[in-house]
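Dear colleague,

I am passing a structure on to you, and I would be glad if you could look it over. My notes on what was found in it follow below.

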Amino acid sequence: MAYLFIVSELKLESKCLARFHDDLWYKATVVDLHDSGVTVTFDSFQDDPVTLPWEGVVPLSGNCVF
């Protein structure tokens with residue numbers, strides 16, 4: 001149940017950590033939400049948006065510092 005609470009914090013344009021294809025986590029921005037996952041753009045890359053399963057994205061709270 002805790003996982004559902006965490007992903008419910010995701011909203012359009014919210015910052016998150018997302019798992020890239022190299023299995024490392026990078027800072028990203030949510031651009032779309034789907035029943036099956038989340039579409040993000042990676043802040044450090046200028047690639048096209050990527051759709052990931054829900055477990056591939058973790059919201060960043062307002063008190064995280066980067």
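Contact, as the word is used here, means heavy atoms within 4.5 Å. With neighbours within four places in sequence left aside, S14 is in contact with A28, T29 and V30.

Before going further, please keep in mind that this is a predicted model, in which local features need pLDDT of at least 70 and side-chain atom pairs count only at pLDDT 80 or more, while totals for chains, interfaces and linings use all residues. Residues are numbered from 1 along each chain as its sequence is written, and side-chain values use heavy atoms, with hydrogens and water left out.

To return to S14, this residue lies in the loop between helix 1 (2-7) and strand 1 (15-19), where helices (H or I, at least four residues) and strands (E, at least two) are DSSP runs numbered from the N terminus. S14 counts as buried because its relative accessibility is 18%; buried means under 20% relative accessible area, exposed over 50%, and partly exposed in between, with a 1.4 Å probe and protein chains only. A polar atom of the S14 side chain lies 2.7 Å from the backbone oxygen of K11.

Turning to the strands, 5 of them form an open sheet in the order 4-3-2-1-5, with antiparallel pairing; two strands pair if DSSP finds at least two bridges between them. Strand 4 (50-53) and strand 5 (57-59) are the edge strands, each pairing on one side only. Strand 3 (residues 37-42) and strand 4 run antiparallel and are joined by 4 bridges, and V40 stands opposite V50 in strand 4.

Finally, the structure holds 6 aromatic pairs, where rings of Phe, Tyr and Trp (its six-membered ring) pair if their centres lie within 6.5 Å, and planes under 30 degrees apart count as stacked, over 60 as edge-to-face and the rest as tilted. One of them is edge-to-face because the rings of Y26 and F45, with centres 5.3 Å apart, have their planes at 75°. This pair links distant parts of the chain, since Y26 is in strand 2 (residues 25-33) and F45 in the loop between strand 3 and strand 4, 19 residues apart. The rings of F42 and F45 have their centres 6.2 Å apart and their planes at 75°, so this pair is edge-to-face. F42 is buried, with a relative accessible area of 6%, whereas F45 is partly exposed at 29% and Y26 is partly exposed at 22%. Ring pairs link F20, Y26, F42 and F45 into a cluster.

With kind regards

How values were computed:
Polar contact = N/O pair within 3.5 Å; in protein donor to acceptor, adjacent residues only side chain to side chain.
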